[in-house]
Amino acid sequence: MRRFLQRHVSQIALSPSLALIAIFLYGFIAYTAAVSTTNSKAFPRFDNFVGLEQYWRLFHTPRWHVAFTNMFLFGGLFLLVTISLGLVIAILIDQRIRAESFFRSIVMYPMAMSFVVTGIIWQWLLNPTLGIEVMVHQLGFTSFRLDWLTNPDTVIWALVVAAFWQGCGLVMALFLAGLRGIDEDIWKAAAVDGIPAWRVYVFIVIPMLAPVFLTVVVLLSLSIVRAFDLVVALTNGGPGVSSDLPSVFMFDMAFRRTNLGLSAASAVVMLCTVLAILIPYLYAETRERA
Amino acid sequence: MLTKLGVLGSAMAFALTTTTPVFAGTAEVIHWWTTGGEAAALKILVEAYEKTGNTWKDNPVAGGEAARMVARTRILGGDPPTSMQWQVGAPLMALAEEGQLNDIDAAAKDWDKLLPKVIADNAKFEGKYVTAPMSIHGHNWLWGNQAVLDDVGIAMPKTWDELIASADKIRAKGYIPLALGGQSWQEIFVFESILIDVGGRDFLTKVTYDLDDAALRSPEMLKAFQTFAKVRDLVDPGSPSRDWNITGGMLISGKAAYMIMGDWLKGEFVAANKVPGKDIACEVFPAGGKTLVFGTDAFAMTAVKDPAAREAQLALATTIMDPVVQKEFSLRKGSIPPRLDVDKTGFDACAQIAMGEAAEGHLFLVPDNVTDATGIGALVDQMTTFLHSNMTPEEGMTAMADAVAATR
């Protein structure tokens, strides 16, 4: 008995949380997938099997196409802008500047705001009758236009700007930590060889930051798929439905349109999208260890 | 002093015990009336209800969606509230079909005579009342800032053609013609009034209730889209995604001439010391359309089994339909009473117009409460997409008809 306990103590300790994960994570994923094959409206019902009809319907819903495309558009732009500018800011702060902690704090502070507050702030700033546009007009530049928020073609940039403002601090901090971890001798060696600083960054330092890049991409990708509160606070999906994201679509179908079947189908498609991105990454990870 | 109070107290206790019916119960009610005017109106109902000897257990949840979600979750979990705020029509039937509602026919003997037919029909499941209607709000109201209209020198328009024709004059004086909050739930009021304008009540029925494919691709629909496309030029650049109360402020402060919004907007007028019907002109729009699109506030009775709770439900239904409660409630809420026999004195000019429309049988239940939510939702999505795009009316009409067809 005692030997059994000694040998299996870790399994026993882990089993409650494993059971919880099995039920509340995988169990409900399976439940959602099951609901997506039914014609459930306000309440989940399993006596109304319709096969893959909800998926057919989903991909014939113009609004879903907007939401799904937006996820990649918003995600791509957000990753690109946040990583590149976050890295540049980190490098600038890394130049042993004066009042470093002051500048670091400025970049870090927006992170303390929730997405809801971020959304409201940028909604006001970008509103063409209240915000930056009015201010610039009052300075005398009356031809200035900033209609990102009210133009369906550019509203995604408004989301990117707000999300960047909020997420930049974290990215900067991670890169800065990475940069500080670079061996001083590399810089000394480069200085002896007379290599200009930008080349050291591009060809030596940045490739050495590869693990940091991976962390940043994973963290930001998760926040992209989860992005819901930002859209609700900033645009509420508007103008029209042009800034919809899959999470907003899913919420709307489940709770406003009381169409659980369709909502579950969109949730499953979202999960599949995430898996399509994560599985190659996990595969590479496990291969490396093996 | 103390003894006097003691005597008074015991007298009151005596009075209470003698008037309390045998089955005094407690009604736990989920609702979303949390703001100033709403809370004042609710107080009327609660006080009248407690006079029947029953106890009101208040369970307010801010926001209609959140409140309905709480109620639905409680029902799913097998612990329903005694009653909850719920709209009549399809949302109510969905609950009734699941066997989640009690009938209250014992308290509703003469309701068929008291209520407009459309409300009576939609408050019943299999011929039995399952909900008690508290108040009505009209949606397709055109509001006009009288000072602005006077300055421009125009009267309230009767049709969409007149409204659009007046836009240039309004703009020439430096005002915004139409204050519109560019969120789909606000825009649909505009679109519905245009549908009434081009094809009357029948056409509105075919499009929003039946989601009829032929109607969605008809010449009338094209005309509706042509008119709707002109709305793009009636509004200011700040319109997209703007909240309704901020938009209402533009009308009240005289920045904009018109606004189309439900009659809850009157609450904002009163808060700004403007008299509805005088400082802010009102009109069911289009005038002569014989259609007032409306939504209800009603209390659905859940399928509780306990006899005391059943009695509490019946007492609640009776209290809600009491003529005095109906009148006093609506006066504070800015709505109109569903009961047709409530006298009009004390109501503002706009509410009196609405009560006249209700008596004439012009009520038209909001499509959200009639039509399949996914179908009407697809229509709304395409409506708002069109308004915020450069699509031609032809493209907009086809896109809407196709999107609605895909939900069948």
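UniProt positions are quoted here in the numbering used for this structure, and such annotations may be inferred rather than shown by experiment. With that in mind, let's walk through this model, which is a predicted one.

An unreviewed UniProt entry lists residues 12–34, 71–94, 106–125, 155–179, 200–225 and 260–284 of chain A under "transmembrane region". What do residues 200–225 of chain A look like in the model? They are 96% helix and 0% strand, and their end C-alpha atoms sit 35 Å apart. Residues 260–284 of chain A come out as 100% helix and 0% strand, with 36 Å between the end C-alpha atoms.

Now let's see how two helices of chain A pack. Two packed helices are described by the angle between their axes and the distance between those axes. Take helix α3 (residues 62–93) and helix α10 (residues 210–226) of chain A: their axes come within 10 Å and cross at roughly 145 degrees. The crossing of α3(A) and α10(A) is right-handed. On the α3(A) side, the contact uses A:Met71, A:Phe74, A:Gly75, A:Phe78, A:Leu79, A:Thr82 and A:Ile83, while α10(A) brings in A:Val216, A:Val217, A:Leu220 and A:Ile224. Sort the residues of this contact of α3(A) with α10(A) by class and you get nine nonpolar, two polar and no charged.

Loops are worth a stop too. A:Arg45 sits in the loop between α1 (2–35) and α2 (53–58) of chain A. Leaving out residues up to four places away in sequence, A:Arg45 touches A:Thr38 and A:Ser40. The C-alpha atoms of A:Arg45 and A:Leu260 are separated by 9.4 Å, though the two residues are 215 residues apart along the chain.

In all, 28 residues of chain B are in contact with 28 residues of chain A. On the side of chain B that touches chain A, the elements giving two or more residues are α3 (64–76), α17 (373–387) and α18 (393–406) of chain B. The largest share, nine residues, comes from α17(B). By class, that side of chain B has 11 nonpolar, 12 polar and five charged residues.

How do α17(B) and α18(B) sit against each other? Their axes come within 8 Å and cross at roughly 155 degrees, which makes α17(B) roughly antiparallel to α18(B). The crossing is right-handed. Among the residues making the contact are B:Ala378 and B:Phe386 of α17(B) and B:Met400 and B:Val404 of α18(B). The contact of α17(B) with α18(B) has eight nonpolar, three polar and one charged residues.

Last stop: helix α15 (residues 323–333) of chain B. Its buried residues are B:Val325, B:Gln326, B:Glu328, B:Phe329, B:Ser330 and B:Lys333. The buried residues of α15(B) pack against α2 (36–51), β6 (131–138) and α14 (307–320) of chain B. Just after α15(B), B:Gly334 takes a positive phi of about 85 degrees.

Note on methods: Residues numbered from 1 in each chain as written. Chains lettered and ligands numbered in written order. Predicted model: local features only at pLDDT ≥ 70, side-chain atom pairs only at ≥ 80, totals over all residues. Axes fitted to C-alpha atoms, helices over the stretch in contact; angles between N-to-C directions. Helix = DSSP H or I, 4+ residues; strand = E, 2+ residues; numbered from the N terminus. Left-handed = near helix turned anticlockwise from the far one by under 90°. Contact = placed C-beta atoms within 7 Å. Nonpolar A, V, L, I, M, F, W, Y, C, P; charged D, E, K, R; others polar. Parallel < 35°, antiparallel > 145°, perpendicular 65-115°, else oblique. Buried ≥ 20, exposed ≤ 12 C-beta atoms within 10 Å, placed from the backbone.
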